[in-house]
Amino acid sequence: MSTAERHELERRLELALHGSERGRTIIARSADGRRAYAAVRAAHPEREVFRVGCTAKLFVAALVERTLDAHGIGYDVPVRHVLGGSSGAALGDTSLRHLLEHTHGLDDAAAPETAFRGDGSIDVERLLERVSGRRIAAPGALYSYSHVGALIAAALVETLEQRPFEALLRDELLAPLGVELRRCRTPETFAICPASGGALGLTIDGLLTFVESHRPQVDHAMMPLPGWHPLERGVRLGWKCYAGSWVGHQSAWPGASLLVCSRPRDRAALVVASEDHHAAVVAARALGDEMPELFVPRLPKQRAGAPGLDPAPYLGRYASAGDAVGIEADADGLVLAGDRGRVRLLPAADEIFFLERSTRARAFVQFIVRRRGRFLALWDGQRVLPRAGSPPLG
Amino acid sequence: MRPTPHASAEELLAWLRPAIARACQIDDPSSVTDEKSLLDLGADSLTLASVLSLIEAEHGIELEPSEMLALLGATDVRALADALAGMIRARRRADVDG
């Protein structure tokens, strides 16, 4: 991109941060292969290394695509056919598509740590033991974001290729792109995790190169989210789908927030990384007027108060393996009761309720799947909590 | 939704500070000073959508995309209140002009 375009990007980043910069924040974008960078606290933005965090799932998706092509396997083949052993008991008819699109229905909300064998490969048997017998939904029924799908998908690639994920990522995916796998020492781990990234890091240029190289398989339909989200629309084979044909992923680990996006139709790519702030918010402030389709939130319609709201369909306990909330009613409406106390629910349209006070886990809830006069699940923009005691959804 | 026909920037500030504190999980609303930016308060996309929705509900308005961008781009809490006050005034004028 021209010097003028680079200066304009730098001006936008400066305005977006407006004195809030302490650590590194970088915006990198490309169109038709022409790149531009803007950065604070980084002299050479293209060489700066960031932890990839949850965007690691995009690398799993890319490796799965490559491996399935090589082995002549489709996305809809049940994973148990490849993993064998006792995997069928935990996975049933779960397919690779389900794993990549978070529709596997497995309940991993207890956040199991990644299990590795001595050779660095994923201990898929231990992983499946942890989720065995715990389902929130039947395979394919609905989206609920988690790490376990990417972990099992990575284990499947390891099984087919007979090599650990890290070696495949380094040698088969990144090296052909001229991208070097980097490792960031973190307080928690020095291992590389296919789902949360772990210590996996890449340069900004490396991330941009990877995103530019992605061509989504347009013959695959997008799996829609089960409810409202201000920016995300669904997921396709591991890539989150946004408005305006953008696909990508976000990560929000403390000290390393990342947004990577691609719009293949015009070869546009965007990487935003920040040590201080949420990358998507920096990007919205810096580029929102230029890319409104990506950054202007879609808000639910408002509903005037809650007079006459019948609480009965909502009341009850909604729970997964690692999270539980109760929905109660008082004279003023609905209340969400969780570990950190009780929070009033402010009604909007489409059964969406904003929490009067956000919690670490959620800013809103939406009641979904109504059967026989009551809701069977609760969606919070990331995950689904099924009604306690109900059979798996779908 | 309740209309606020006399929503000055000061009145809006008084309403926004605790609303932002609740959305950003800040225990002490007094730490949401006029000079704080939403970035420094740790807002993410869902938090911002929640704040914008609360603004719509409180003021009985439906924000246009350009208005949302103006609010998201506000440099600090006071600028957010000023921008919102300007929007409410503009809407009132448009209503009067018919």
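**View 1. The largest nonpolar core of the predicted model**. This core, a set of buried Ala, Val, Leu, Ile, Met, Phe, Trp, Tyr and Cys residues joined through C-beta atoms within 7 Å, has 153 residues. A residue is buried if 20 or more other C-beta atoms lie within 10 Å of its own, with C-beta atoms placed from the backbone. Among the residues with the most contacts inside the core are Ile152(A), Val271(A) and Ile20(B). Helix α7 (148–161) of chain A gives the most to the core, nine residues; helices are DSSP runs of H or I of at least four residues, and strands are runs of E of at least two, numbered from the N terminus. Because domain 1 (1–298) and domain 2 (316–386) of chain A both give residues, the core lies between them; the domain bounds come from an automatic or database domain assignment.

**View 2. Surroundings of Ile20(B)**. Leaving aside residues up to four places away in sequence, Ile20(B) touches Val32(B), Leu41(B), Val51(B) and Val77(B); contact requires C-beta atoms, placed from the backbone, within 7 Å.

**View 3. The open sheet of chain A**. Eight strands with antiparallel pairing follow the order β2-β1-β13-β12-β11-β10-β9-β8; two strands pair if DSSP finds at least two bridges between them. β2 (34–40) and β8 (223–224) of chain A each have a single partner strand, so one side of each is left without a neighbour in the sheet.

Residues are numbered from 1 along each chain as its sequence is written, and chains are lettered from A and ligands numbered from 1 in the order in which they are written. In this predicted model, local features need pLDDT of at least 70 and side-chain atom pairs count only at pLDDT 80 or more, while totals for chains, interfaces and linings use all residues.

How values were computed: Buried ≥ 20, exposed ≤ 12 C-beta atoms within 10 Å, placed from the backbone. Contact = placed C-beta atoms within 7 Å.
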